[in-house]
Amino acid sequence: LAKPEKAINRILVAVDASPQSQAALQVAVDLAARVEAELVGIFVEDVNLLRIASLPTSREISFYTTTLREIDSPSIERQLRAQARLVQRLMARIAARANVRWSFRVVRGAVSAQLLAATMEADLVIIGKSGWTRGRRMGSTARVLVVQSTRPALVLQRRIRFGLPVVVVYDGSVAGKKALAGADLVATRDSLVTILILAEDPEEVKELRREAHTFFMEREFTPQYHWVSRVEASDLIRIVKSEGCGVLILPTGSERLPDHTILETVDRSECAVLLVR
Amino acid sequence: MANVKPPAIGVSPLAAGDLYTRTDPKDFDFETTSDLPDLTEIIGQPRAVEAVHFGMGIQKEGFNIFALGPNGSGKQALVTQFFEERAKSESVPWDWIYVYNFEQSHRPRPLSLPPGMGTEFKNDMEQLVEEIRSALATAFESDEYQARRRGHEEEVQELQEKSLEEIQQKARENNLAMMRTPAGVVFAPTRDGEVLGPEEFQNLPEEERKNLEKKVEELQQELQKVLQSAPSLQRQLRDRVQNLNREITNYAVGGLLNELRQKYSAFSEIVDYLYAVEKDLVENANDFLRAEDLPGVDGPENPLAAMMGQMRQTPSPAQRYRVNLLVDNRELTGAPVVFEDNPTYQNLIGRVEHMAQMGALLTDFTLIKAGALHRANGGYLILDIRKVLLQPYAWEALKRTLRSHLIRIESIGQMLSMISTVSLEPEPIPLNVKIGVLGDRLLYYLLSYYDPEFNELFKVEADFEEQMPRNAENQVKYARLIATMVRRDNLRPFDQSAVARVIEQSSRHIGDAEKVSIRIKDIADLLQEADYWAGENGNHVVTSTDVQRAIDAQIYRSDRLRERFHESILRNIVLIDTEGSKIGQVNGLSVIQLGNFAFASPSRITARVRMGKGDVVNIEREVEMSGPIHSKGVLILSGFLGARYTADKPLSLSASLVFEQSYSGVEGDSASSAELYALLSAIADVPLRQDLAVTGSINQHGQIQAIGGVNEKIEGFFDICKSRGLTGEQGVLIPISNIKHLMLRQDVIEAVEQGKFQIYPIEFIDQGIEVLTGMKAGEPDENGNYPEDTFNGLVQARLTDLAEKQAQLSRNGLEKES
C-alpha cells in the first residue's frame, strides 16, 4: 500500500441505527485503520423528535406493521438511548477488531446543526447518503453536510472496499491537488485509477497531466488519464459507473466544477463520492 | 448265524507286497515334469464339472450354483475358470450411474449406458456445469440483464419513493414535517422549518389546530396505504426478476443442453434427465452462480453462516448435476466375473457413505458406492458361503436381492430402525447375475434343511470329490496336474520318482491304496515343501528323496504328542504288553486326529466276568466317556454272545469292559472286535497273545468289518514293538476288507519282509481267536454245541455252567421264600 501522508488524524462518522449508517461505520473503521486515525462516532438525538413526542396528539405509524400508536417523550427518549447503545456496541466491536482508537458521542439537538458543529473537529466526515425514506436520493442531513461543511466528506450509498476503481477529477486547483491526494486514501495497488482532467485546451491538459503524473510518480498504481473540457453531473455519473462504480473524488470550490453539479452528482450517483475541500 | 458261513480257519499273515501299492516311476514316459504339458481339464470332478456347466447354461430363475466340498478341493478354481471362460464370449454389460432425482431428492435415480459411455456422460456433465457456470455468469453480467433488472428495481423503488415524496410534499404544503422515529413515522406541525413545541402548538388558534390535526390524520391514512403496498410491490419485483432470470437462463443454457440431448438421443432416460436438468437450472439459476460470481453481491460475512449454508439438505446445483459413476465397465472385454473376498452386507449390496461436517453426517447421491452385486451385474459373482453367513445380514440381503432381481441399497441402521435421520433411498437397480457359492457340505445340507429359500435360489448342486480312482490313466493325468502346479508356482521340475512318490503319498493321505486324493491344496503344499528341500539339498530337480524329506518333516513337525504317547508306553507309565499272554486282556488300537495329522496308539482293553443277569457293562459308558458308536459296538457283543453260545438259555453272566488308562472319551466301533476277544478270553479263561494288537469292528454274526485309519493303527503298534525290539512274533490283526487301504511306511514293510512283524487279515471272529490263542476255535454241531476242547467249546461250557448255577440259585431263592 502507498503510505498516505498523515493529513487525516481524526475521522468523524455520523451514525444512527440504519443499515446504511452501519455500512458507513464499517468503511470509517477500515479507513481509520488504514491511515491510523482516531475515529469519532456521533449519534444525534433529534430534538425535533422529542418535541413532537411531547405534543398531546402525536401518533406514530409503525414502519413495518403500519399501525398507529400513541407516543410520548419518555418512550422516544428511551428508544433513542437504546439505539445509541446499540450503535456504540457495534462500533466498539468492529473498531476493536481493526485495532482502531475510537470514541463515541451522543449529542442532542437539531441533527444537521449538531453534525455540522462536530465536523469542525474532524479531518474527514463519513456519512450515509440516503434519508430514511430509503431511496437513492440524498437525505436532508447529508445534503446539509455536502453543502455547508468545510471539511472533506465521504458520502456512501453502501459499504465499499479498498481496491475498487477510483475516478479523480483534477482541474489544477488547490482542491484539485487535494483530490489527487484523496486517491491515496482509497486506492490500492489493484485499483484502476482514472484521472479526469478538466481543462480548456490541450496545452493546459498537458500541463495538468504532467502535474498529476509527477504527483503519482512514486505510487504503486499507474493512473490512466481522460480529458474533458467541461463536465455535467450526468457525465460524471456515467463515467464513474462505466469504470466500475468505485469511488469518485471531487474537488469543491472550483470554478470549473460548480456546487450545483457536485450536489447533483452526489444526489444521483450510486457510487461513493469523496468531496475534498 | 446260520446264514453267515464262517470261512475256513487258518490265517496267513500278509505278504510285504500287499502292504503298499507302489507307483512305478518307470511307467511314466517323461523324465521330469518339464516334459509334460499343462493339464487343461479338471481331473476327478466329472459330476461337479457337469453341474457347473448345467448351472451356467440354464438361464432360469434360481439356477445359481452351490459348489460343495471340503476346503482345498479346487472349488473356487474350477468355478472361476468356468465362469471366466463363459464370460469371455458374453457381451459387456452396460455402465450404471446414479443421478440426482429432481422430483424426490432422497431417491437418487439409476441410469444405464453402454460400456464406457458412463464415464463419457460423467465428463460431459462436468464440462456442462463448467460451461453453464461461465455462460450464466456472462449472461447475468451482461449489460442487457443488468439494465433490465435495474429497470425493474428502479420502477418499484421509484413508485415507492414517489408516493413518499408526494406525502412529504403534501405535508410541507400544510406546514407539517414527516419524521422518522426509532420505530415509525410521525407528522409534526412546523413553523419556519422548526417543529412546534407543545406550548406553541397549544397557542395556535383552535381552528388552525383542528385543521392541522385533520391534515395529520389524512396524511397518516395515506402513508399507511403506501406502507401497506410495500410488501406486494416487493413481491412483484421478485416475480419480475425471477421471470427475467428464467428467460436469461433459458437463453444461456438451452443450446448447451440441446447439444448433449442430441448426443445422447438414443437413450431416452438420459434425454429425460437432461430435460429435468434444464428445468431445474432455469428455476435455480441464481443458486447456481456462486455468490462471488454475481456482480454487486457481497459474500456472507460470517464464516459460520457460510458453512451452515453448505450444510443445506439439498446439494448445491453444481453438485446436483454431477454424475455418480457407480459401475464402470469400460475396461471389460466380456461379462464380469467377481469374487468378493469380504462379503459384508455393504460390500455386497453397496452403501451410502457419509461425510462429517460440523459434527453432522451428511450424504448425497454422489456418495453411493457400488457393491459386489453391482460390479457383477450382467455377469458372474463368486462367494464363499461361510464368509457370507458370518457377516450380519449379508445372507438375507443376498437372498432378498436374488429374489427381487433388484439391488436395493439400504443401510443396516435404517433397516433396523436404529437410525431415523434423513438419508438416501436410492432407487433400486435391476439385477441379472449368476452366483457361484462355495462351501463345505455341512453348510450346504444345513442350509438346505433349515432355510426354506435356499433350495429355490441355489438349485444347482455341484458336489466335489476328494478322491479319484488310482488307475494308470489317472496317474498320468495326476502327473500332468503336478506339472501344471509346479509351473504355476515356479517350482523345480519333479522327476518321475518324485511324481510317483507324491501319488503314493496322496493315496496314503486319504488312507486308500486304490484312490488318490484330489485335494489340490494338500498336493500344492507337498510340492512346495519338496521343492524347498530340493533347494536345501542343492538339487535342480525334485526327487523322491526330497518328497520323502518333505513328508517326514511334515510328520516331525506335528508329532510331538505321538512321541509323548509312545514314550509313556515305553516307560511303562501306560501299561501295554507286547509279549506273553494274558487272560481277558488285549491290545486295541485307537487313532488320534490332530489337525491334519493322525496317529495311533495301542490301548489295553480288559474284560472281567462273573455270574449275572446277562449284561455287558461298558465302563466307559457308565462314566459317560463313551461315544454312541462305541456303546453300540459293546451292545452288539451281548447280542453276539447270547445268540452264539447260549441260544436256549439265559445269558447268565455279568461282564465289564474297560479301556485301561483312558482319560478321555472313546468313540468309534473299531475296538469292538478287540473287546469281544477280551470278553471271550475272560469267559473261556484262555489267555490271549499280548504281542498282537487288534482292530476291526464286529457285527452280531461275528464278522469283522472295515475300520478307518488302518495304516496309522498298524504303524502305531509297530513303533512300540520296534522300540522295545521286534521279537518276530508281533503283529496286528486287521479286517480283511482293509487290505485295499494299506499304504504302510517303508520300515513296516521291511520288517514284514524280514519276518519280524506280521499283519493278519481277519474276516471272521474265529480266525482272530485262533491267531490270538493258538487254539482251535471250534465248529458247532447241528445242535449248536461246540467241541469241548475248542475255544468256543470252553466259552459255551462256562456260559452253560453259569446259566445252570443261576437257575439253581433261583430255585433256592424260591424255596426259601415258600
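A: One cavity of 30 Å³ or more is present in the structure (grid points, 1 Å apart, where a 1.4 Å probe fits but cannot get out). The model is predicted: local features need pLDDT of at least 70 and side-chain atom pairs 80 or more, while totals for chains, interfaces and linings use all residues. Residues are numbered from 1 along each chain, chains are lettered from A and ligands numbered from 1 as written, and side-chain values use heavy atoms, without hydrogens or water.

The largest cavity holds about 80 Å³ of space (the space filled by probe spheres set on its points). Its lining (residues with an atom within 4 Å of a point) belongs to chain B. B:Gln346, B:Gly350, B:Arg351, B:Val352 and B:His354 are among the lining residues. By class, the lining has three nonpolar, six polar and two charged residues (Gly counts as polar).

Now the nonpolar packing. The largest nonpolar core contains 52 residues (buried Ala, Val, Leu, Ile, Met, Phe, Trp, Tyr and Cys joined through side-chain atoms within 4.5 Å). Those with the most contacts inside this core are A:Ile11, A:Leu39, A:Ile126, A:Leu154, A:Ile195 and A:Ile249. Helix 1 (residues 19–35) of chain A gives the largest share, eight residues (a helix is a DSSP run of H or I, at least four residues; a strand is E, at least two). A second, separate core has 47 residues, including B:Ala671, B:Ala682, B:Leu692 and B:Ile698.

Look at A:Ile11. Setting aside residues up to four places away in sequence, A:Ile11 touches A:Ala28, A:Leu31, A:Ala32, A:Val35 and A:Ala37, among others (heavy atoms within 4.5 Å). A:Glu38, A:Leu39, A:Val40, A:Leu124 and A:Ile126 are also touched by A:Ile11.

A:Val247 sits in strand 11 (residues 247–251) of chain A. A:Val247 counts as buried because its relative accessibility is 2% (buried is under 20%, exposed over 50%, partly exposed in between, with a 1.4 Å probe and protein chains only). A:Leu154 is 93 residues from A:Val247 in sequence, yet their C-alpha atoms are 9.2 Å apart. Beyond four places in sequence, A:Val247 touches A:Leu154, and its other contacts include A:Ile160, A:Pro165, A:Val186 and A:Leu274.

Chain A as a whole has nine helices and 12 strands. Of its 277 residues, 54% are buried. Among its contacts between residues at least 6 apart in sequence, 77% join residues at least 24 apart.

Next, the rings. There are 26 aromatic pairs over all chains (ring centres within 6.5 Å; planes under 30 degrees apart are stacked, over 60 edge-to-face, the rest tilted). B:Trp395 and B:Phe458 are stacked, 5.8 Å centre to centre with 20° between the planes. B:Trp395 is in helix 14 (residues 394–404) of chain B, and B:Phe458 in the loop between helix 17 (454–457) and strand 17 (460–463), so the pair ties together parts 63 residues apart in sequence. Both B:Trp395 and B:Phe458 are buried.

B:Tyr532 and B:Trp533 pair edge-to-face, because their planes stand at 75°, with centres 5.0 Å apart. B:Tyr532 is partly exposed at 44% relative accessible area, whereas B:Trp533 is buried at 15%. Elsewhere, ring pairs link a cluster that includes B:Tyr100, B:Phe102, B:Phe121 and B:Tyr264.

Definitions and conventions
On a 1 Å grid over the protein atoms alone, a cavity is a set of points where a 1.4 Å probe fits but cannot get out, and a pocket is an open set with protein on both sides within 12 Å along at least five of seven lines; lining residues have an atom within 4 Å of a point. Rings of Phe, Tyr and Trp (its six-membered ring) pair if their centres lie within 6.5 Å; planes under 30 degrees apart count as stacked, over 60 as edge-to-face and the rest as tilted.
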